[in-house]
Structure formats: C-alpha cells, structure tokens
Amino acid sequence: MKLMTTLLSATALVAAFAGAAEAKTLVYCSEASPANFDPGTTTGGNDFDASSRTIYSRLVEFKHGGTEIEPGLADSWDISADGLTYTFHLHPGVKFQTTDYFKPTRDLNADDVIFSFTRQQDDKSPWFTYLPNLSYDYYQGMDMPKFVKGWEKVDDLTVKLTLNEPNAPMLANLGMDFASIMSKEYADQLQAAGTLADFASKPVGTGPFQFVDYQLDSVIRYAAFPDYYKGKEKIDDLIFAITPDATTRMQKIAAGECDIMPYPNPADVPALKANADLVVLDQAGLNIGYMSYNVTQPPFDKPEVRHALNQAIDRDALIKALFQEAGAIPADNLIPPTMWSWNKDVKADAYDPEAAKKVLADAGVTTIDLWASDRVRPYNPNFARAAELIQADWAKVGVTATITTEEWTKYREDGKKKDRPGAFQIGWSGDNGDPDNFFATLFSCSAIGVSNYSSWCDKDFEDLIQKAKTTPDMAERTKLYEQAQVIFAKEAPAFLLAHSQVYAVTRKGVTGFMMDPLGLHRFDGVDKAE
C-alpha cells in the first residue's frame, strides 16, 4: 500500500510538472513603467498597455489593428435621431476577475458602467480625488463634462447616456482607454475599508488578463483570465519586463529573453530585419511629435517669436538625425496626412536662421528653457538628442537654451503646469481615429493644465473645433478642421516635428500580434509556438 501511494504521488507530481511545462508564457519588453493601473487617471501609451488593454474592457472596442468600432461589453446600442441619447445593451454574464484581494459576488451590470464615468465627473464623489494630485485628464481634456448630461440605469443590462448637445465622435470616445469599465462592487469594498488608493495599484477588471503582481520599475505579471467573456486567451502568463533602454530591449529579444519589443532604435532596424529569428513589423504612425511653447510666458506670448524659434530649427536635419532610416515625414499640420481633414495647403515654417535671428534680437530673446524626457516614444526616439540639436540651432541665432531632463511620469506632470517655462518636447498617438482627438485633446481651452502643454486658448480655433464636434456631417466637419489648421499655423503655439513610422519586433514563433494605428500594444489573440 505504501509503495502504491508513493507511485501515485510520483505520478501526480509528474503530471503537475507536465501541466506547468505546457503553460505558455509571453514576455513583452515594455519601454516604461506605468504611472498606475487606473486608465482613467493616466495618459501614456505605456500606462494603457499595462492596464486598460490587458486588465479592462469597454462598452465598445476598436477592431484589432484598426479604428473601426465593434461591440465590446455592449452587444448593441441605439442612438436617438437627435443624437442626444445612446442606449447600450450589455452582454449578459460578464465576470469580473477574482483575486486574493477581491471576490466578486455578481456579474457586470449597469451600475458598473455608471460608476466608471460619474467618478470622473462628480467632484463631490470621493473617487474624484482618491489619489494625490489626481486629474482625469482625458475625460476633462475631451470636454466630456460639457457634453455628458448623465447616465441612467434602465435595468441591470441596459444603460442610457444622455448628452447636452450632439457629439460626433462620442461612440469612438467610448472605445478609448479612459472609458474602461470598472467594478463598482470593488470600489465600494475599498471605500468601506478606507483604502481607496488600492484601486490604482490592485486592479480588477473584465479584460483578457488579470493582474498578479508588480515589482516597481522591473516586472509586471498577469495571468489569463479563465472567465473572460470572449474566451480564455491562448497565452497563460503574460509578463511585462520593463526595459527603458532600446538597445537592451534589442539584445533581449535577439537572445530570446522577450517575445515582443516596441520602439527599436532607428539605427537598429536594419540589423533587426537581418535577424532570421525575428519579425519586424511597421506602419505609418497616427501620431505627431511636437514641441509646445508656453504662450502665457513672455516673450513666447508673441506669435512672431514662436515663428522665429521655429525658423531657427533645421527640421530636416533634426528628423534625419533622430529617425535615420526608420522613416518619418515632416509635419505641416497637427494631424498626419493619412487622417481625414488634413489640410494640404498649410505649410510649416521654413528653415530661415537669418530671418529668425533678427526677429529674436528685436524681441530681446536671449535665453529659453528646453525640456526633454529620458524615454523613447514612437513620435520621438530620443528627446535628449533632439534637445541638443535644437539647442545648437538656437545658439546660432543668439539664444541660449538650458536643457532640463526628467523621468517620463514626472516629466508629463511638470509639463502640464501652467507656469512651466519655455519649450516642452512632447507628442501624441491618436486614440480613436477622429481629428477631434488631436485638435481638442491637445489644444482646446479646456485641455489647459491637462494635455495642452502650450496653455494656448485661441477663441477662433476653439469655436471651429467645438462646432466640428457637434456637427454630424463629415464634409462640414472637414471644412471646419481645415480652417482650424490655418489658424494653428498662423499662431504657432508649437513647433511641429514629424509623423513617424512605428516599429515593433517579435520572435518568429509569435502569432496574432498586430501593429495598432492607435499606438497600443494588445495581447488578446496572441499566441506563440513552444
């Protein structure tokens, strides 16, 4: 009997090890640490990769690899003829993730949807300020408080959104990361315990992967959610190996230490393509790299000074130095030429250092603060190098630039401050394929202190983009955005750099991973050969 028991135990142990060996692990060498795991409170693509696109789901989703809307947590929806009422019919039986810190007792319902949005608008709610210095940047910057009249529960599986006025991109907006649906039951549990901050560090959602643990600035671990409403993923364990340095990421993927990496150094792309074990993916980015001038700070409150600073920069040389053979096109407008409403007649300031030198001397401009981050972004592969080259160009016209370099999360927080001095390098990858997501999100009056790093509020520009937001006719919206681009070019609140080609690299055995025009990295539907 003892021998039989021993044999059975050994058999069970072998079976257990065999099961463990069959588990599939995918390692993603991410480029930066997330600020936290609450996508309503963050703005970076790296934040969303780690939270909204792994842990959470939304009422509507973007088709994998595109910008077309498809059903998500809502199976269907109805929009009233006047464009003021959206009624969403929720998918039945959607489960929230069970963790060691939360055990859900019910499925997703309308209460969760209502909570997910009202927490970002109701300034009397404890969730409106549950983190230090909290701001719901996307919700505020996209004027959601202006348009949203309220959410109403019709029944457990039906929820109604009522607007104050029509909003043409609203449905696309609801597919964005800030619109991720959270568990009200979990929020209530944390509120009762007085531990609201755990909401951002111990996340719970309905998405394809559930959070396991996070070693700060090092590793994030996820497990496939077995009760995911679209079916369990083929990958069992997902690991984010946080690797800020692009050269190190390349070394890791070449050595097989990670399966997917984003944002290779432009100079490394030819070598990566030559490696038979790797697949290099690329597409034209729905993005813009730019540098915001704080127009509230003299002398940058004068358009002629901003134009002169632009004219002093040898943009073609800057783009070549930064992107090398990886590919980028000079930006004439805030939106890329692949996006509808791009104005072909608008041209950026031409390189003219002699003209710039005279204007700047007449205006008494001799110094400027110039900001750079320590991270790689798709629209700017090297902020520090860009700052050095811009500094050299400005020196030739008699302007001394002092460079400040900061870590990515702190950099964005400091950049949003209304009293931030000088010129601030930043950029954007589109979230929903609509021009409003560039014009309003980045340069509307309501985005000041949120995502308008120029603190620029121009009445004529504002009137045009707000009218475009409420106009359902695309041809009319196109005309309005074309006019807005003319004003932007005239006022020059920013130096426009480039629209870049975007790259990602996978190991040969990885399947189902797609480049995303919205700049995200999704792991639902991804598999790998063992």
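Where does R377 lie, and with which residues is R377 in contact?

A: The model is predicted, so a word on confidence comes before the close look. The mean pLDDT of the chain is 94, and 96% of its residues reach 70 or more.

Now to R377. This residue is in the loop between strand β15, residues 367–373, and helix α14, residues 383–395. R377 counts as buried because its relative accessibility is 5%, and the cut-off for buried is under 20%. Apart from neighbours within four places in sequence, the contacts of R377 are E31, G45, N46, Y263, F383 and W408. With E31 there is also a polar contact, side chain to side chain, at 2.7 Å. For a distance across the chain, take A267: this residue is 110 residues away from R377 in sequence, and the two C-alpha atoms are separated by 15 Å.

A pair of aromatic rings is described by the distance of the centres and the angle of the planes. The search of the whole structure finds 40 aromatic pairs. One of them is formed by W371 and F424, with 5.9 Å centre to centre and 50° between the planes, which is a tilted arrangement. W371 lies in strand β15 and F424 in strand β17, residues 423–429, so this pair ties together parts that are 53 residues apart in sequence. Both W371 and F424 are buried.

The rings of F383 and W408 have their centres 6.0 Å apart and their planes at 40°, so this pair is tilted. F383 lies in helix α14 and W408 in helix α15, residues 408–415, so the pair ties together parts that are 25 residues apart in sequence. F383 is buried, and W408 is buried too. Elsewhere, one aromatic cluster is formed by Y290, W340, F439, F443, W456, F461, Y481 and F488.

T206 lies in the loop between helix α8, residues 198–201, and strand β8, residues 209–215. T206 counts as buried because its relative accessibility is 1%. The side chain of T206 makes a polar contact with the side chain of S57 at 3.0 Å. Not counting residues up to four places away in sequence, T206 touches a list of residues including I55, Y56, S57, L73, F96, F225 and Y229.

Last comes the whole chain. Its secondary structure comes to 18 helices and 20 strands. The radius of gyration is 24 Å, close to the 24 Å that the globule rule gives for 530 residues, so the chain is as compact as a globular protein of that length. Along the principal axes, the C-alpha atoms fill a box of roughly 100 × 55 × 40 Å. Of the 530 residues, 55% count as buried. Among contacts between residues at least 6 apart in sequence, 71% join residues at least 24 apart. The accessible surface comes to about 20,800 Å², and 54% of it belongs to carbon and sulfur atoms.

Notes. Residues are numbered from 1 along each chain as its sequence is written. This is a predicted model: local features need pLDDT of at least 70, side-chain atom pairs count only at pLDDT 80 or more; totals for chains, interfaces and linings use all residues. Side-chain values use heavy atoms; hydrogens and water are left out. pLDDT is the predictor's confidence in each residue, from 0 to 100. Helices (H or I, at least four residues) and strands (E, at least two) are DSSP runs, numbered from the N terminus. Buried means under 20% relative accessible area, exposed over 50%, partly exposed in between (1.4 Å probe, protein chains only). Contact means heavy atoms within 4.5 Å. A polar contact is a pair of N or O atoms within 3.5 Å; within protein, one must be able to donate a hydrogen and the other to accept it, and residues adjacent in sequence count only if both atoms are side-chain atoms. The radius of gyration is taken over C-alpha atoms; the globule rule is 2.2 Å times the number of residues to the power 0.38. Accessible areas come from the Shrake-Rupley method with a 1.4 Å probe; for residues, only the protein chains shown count as cover. Rings of Phe, Tyr and Trp (its six-membered ring) pair if their centres lie within 6.5 Å; planes under 30 degrees apart count as stacked, over 60 as edge-to-face and the rest as tilted.
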